[in-house]
Amino acid sequence: MESQKKPVNDIRVGFNSRTGGLVNYCERLLKENNIRELNFSAVGGSIGTLVTAVEVLKTLHPGFYQINRFATISYQSVEEGKKSEVQNQRLYPKLEVKLTLDKPAKTGGEGYQEPLDEEERKKLLDIQSKRREGRGPRRGFRGRGGRGRGRGRFRRGPGFRGRRGFRGGRGRGRPMRGGRGRPPM
């Protein structure tokens with residue numbers, strides 16, 4: 001049996017997909033491969049990422065017609081020994097979106113959206129550029145402050161030295177066997 005290769009313009013949005021990565025991939029397809037149609041599909045929790053990516057693409061590239069199709073997928077788990085009995089069945093929502101630069105033959109109806117007006121698109125681009133200007137330079141993964149900051153106030157564990165440099169935390173040593181920090185007699 002031959003393995004059928006999936007077309008490059010069929011994009012499945014997964015749970016771990018990032019909006020920026022999807023937009024960059026689609027822009028590369030549009031520029032390098034001269035593709036005029038993009039087909040997206042997402043199931044369950046990844047639908048929000050799909051909607052965001054599609055709206056960003058429609059803002060960045062004028063003239064996209066959008067056709068949405070909603071469906072439901074059922075996943076069934078079957079007990080190993082019994083093939084005839086369905087153990088558990090779950091239903092998940094599915095969204096398929098087709099973005100095309102060519103006007104579709106069937107316009108109107110459920111799920112069809114016209115391209116954005118040029119004025120509305122420019123307003124959205126202005127809002128996006130102002131939002132980017134308001135941000136400062138990107139910070140590293142440590143958050144604010146210099147070394148050692150931003151690790152949490154109550155971090156305890158092996159090797160924790162506390163404020164004063166000795167074990168125990170807030171300026172006191174660990175109690176010894178005699179209780180209350182006195183040495184045993």
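Reader: Is Y92 buried, partly exposed or exposed?
Author: Happy to start there, with a note that this is a predicted model, where local features need pLDDT of at least 70 and side-chain atom pairs count only at pLDDT 80 or more, while totals for chains, interfaces and linings use all residues. Residues are numbered from 1 along each chain as its sequence is written, and side-chain values use heavy atoms, without hydrogens and water. Buried means under 20% relative accessible area, exposed over 50%, and partly exposed in between (1.4 Å probe, protein chains only). Y92 has a relative accessible area of 29%, so Y92 is partly exposed.

Reader: How are the rings of Y65 and Y112 arranged?
Author: Rings of Phe, Tyr and Trp (its six-membered ring) pair if their centres lie within 6.5 Å; planes under 30 degrees apart are stacked, over 60 edge-to-face, and the rest tilted. Here the centres are 6.4 Å apart and the planes of Y65 and Y112 meet at 25 degrees, so the pair is stacked.

Reader: Is Y65 buried or exposed?
Author: Y65 sits in strand 3 (residues 65–78); strands (E, at least two residues) are DSSP runs numbered from the N terminus. Its relative accessibility is 14%, so Y65 counts as buried.

Reader: Which residues outside its sequence neighbourhood is L57 in contact with?
Author: L57 is among the residues that touch the most other members of the 20-residue largest nonpolar core, a set of buried Ala, Val, Leu, Ile, Met, Phe, Trp, Tyr and Cys residues joined through side-chain atoms within 4.5 Å. Contact means heavy atoms within 4.5 Å. Leaving aside neighbours within four places in sequence, the partners of L57 are V23, C26, E27, L38, F40, F64 and L99.

Technical notes
Helices (H or I, at least four residues) and strands (E, at least two) are DSSP runs, numbered from the N terminus.
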